[in-house]
Amino acid sequence: MIDAVLEALQFVFMRNALLTGLLVSVACGVIGTFVVVKRIVFVSGGIAHAAYGGIGLGYFLGLDPVLGAVVFSLAAGLGMGAVQRRTGERADTLIGVMWAIGMATGIILVDLSPGYKADLLSYLFGSILAVPTSDLMVMVVLDVLIVGSVLIFYKELLAISFDEVFATVENVPVGAMYLVLMGLVALTVVMLMRVVGLILVIAMLTIPAAIAGRLVKDMKHMMILASGFGMFFMTAGLWLSYFLNLTSGATIILLAGLGYLVSLSLQWLGTRSRRLNTPAKG
Amino acid sequence: MADEARKMGSREVIAVRHLWAGYDGEMVLQDVNLSVQELDFIGIVGPNGGGKTTLLKVLLGLIHPTRGQVRIMGRPIEEGRRHVGYVPQLTEFDSDFPINVWDVACMGRLGDRGLLHRYTKEDEGIVATALEQVDMLDQRHRPFGDLSGGQRQRVYVARALATEPAVLLLDEPLASVDPRVSSNIYDLLKRLNDKVTIVMVSHDVGAISSHVKTVGCLNRRLFYHGGDALTQEMLELAYQCPIDLIAHGVPHRVFPDHAAHGGDK
């Protein structure tokens, strides 16, 4: 077993995959915490699918599809944030529309692009085993950007997540902060797309943070713990998929999903035994 | 009552003149006039849909008046609202939110500590004093979601106090707490009222009229005379329905109380 692990670590792709998992988990834990507490899970899903339009555009123009995804997801995040705040349009309707238009745009643009598109599926389902070393540096930069922004705007981001009305009354630039958060979600989505694919992005944004949220009652602790859970699921899932010869993205997600169910049942058992042990109040 | 009236300063904290406001052309507030004097404790009652929430939103600068003028400490709302300590209703909170008592109270310092600035030692001192005033300082490390309704309400009051407000604005502060807790909160507000003006809206006519200094009735129009008695006439004008309908549950506190006040004068 150890020999097999050491042997696998000889491969650059495996080392890069493991490092990618660790780097992505940082952004995942920090931004996932906001996604969970601010209840913008489906906004993130919408941004992820809109990003597919950018991938299509990248193919069509002969540019790096990831670049297209960055542009599209940022535009989708900022655009949706702005429209939602200004018109009061029901958020879930807006998300649904964006989700579908993004995907459809991507499909049409890919149709119109000439040539062979073998790696198209990798954006949908992830390709953590095909991350080049140059991309690792990009991920480090993105991590620094994301964690740095959250540190700089922490008290404002906490305030708009906890109580938007009070933040407004205190003259916090609520709209601008919301857009900053949307931008950070969009960047995280693009990073995650590499690992699990845009279809499964929602899972890695929410599951580690949701488990952490059951264990700690402080936002910073929740971010750190969520990053830790992310790292565990990424690493364990990657090895599992390597040895069992399964799709890595889906294996990681299933492992995380299993972890979520375990945390759910542990909590259920916890409250149940507490209820049984607490004498009824008179 | 006379010495309480004397304690009130003559400075006007909130001035509302001929205010019209509403949504989509429907005017929920019609020609509302209100002058809140320093150290007053005003209770504004009225039926649901009568415009209490809309009035609060205007005072907080969340919706703009269609017509009329609102000034807080003599300034336009966006500037003046930094002197307002807002205490929201309890109901709008997700009890899973990962935050402790201290961090909630710290949000009161956001207005003075702008973007890119950390909270200072001075801020921490102000927050500690605010929590001390509501008797929650020893609970500062507890998760906010684990607190009882009354405790949460007190932390919201501390957060509002941490803004160093000239006026506290409370939205149905006692809506979802039990009577014993609500009388504690009234005691707290009464103590705070020595230093800060209080404006409070509520649908609970009985409770509010027995604790505040002056009372007004709001149902699209505001019936306010700067007195402490809620007259039958005001209620009838405001509610436009027989009084016994709105006095359900606490008839003894509304009517004999006011009969007694009438006798005093």
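Where is the place of B:M73 in chain B? B:M73 sits in the loop between β4 (67-72) and α3 (77-80) of chain B, where helices (H or I, at least four residues) and strands (E, at least two) are DSSP runs numbered from the N terminus. The model is predicted, so that local features need pLDDT of at least 70 and side-chain atom pairs count only at pLDDT 80 or more, while totals for chains, interfaces and linings use all residues. Residues are numbered from 1 along each chain as its sequence is written, and chains are lettered from A and ligands numbered from 1 in the order in which they are written.

Most residues other than glycine have a negative phi. B:M73, not a glycine, has a positive phi of about 50 degrees. B:M73 is partly exposed, with 18 C-beta neighbours inside 10 Å; a residue is buried with 20 or more other C-beta atoms within 10 Å of its own, exposed with 12 or fewer, and partly exposed in between, C-beta atoms being placed from the backbone. A:N171, also not a glycine, has a positive phi of about 60 degrees. A:N171 belongs to the loop between α9 (164-169) and α10 (174-196) of chain A and is partly exposed, with 16 other C-beta atoms within 10 Å.

Chain B contains 11 helices and nine strands, and 42% of its 265 residues are buried. Strand β8 (residues 214-219) of chain B is joined to β9(B) by four bridges in an antiparallel arrangement, and B:N219 stands opposite B:R221 in β9(B).

The contact between the chains takes 21 residues from chain A and 20 residues from chain B, two residues being in contact if their C-beta atoms, placed from the backbone, lie within 7 Å. On the chain B side, 13 residues are nonpolar, three polar and four charged; Ala, Val, Leu, Ile, Met, Phe, Trp, Tyr, Cys and Pro count as nonpolar, Asp, Glu, Lys and Arg as charged, and the others, Gly among them, as polar.

Note on methods: Two strands pair if DSSP finds at least two bridges between them.
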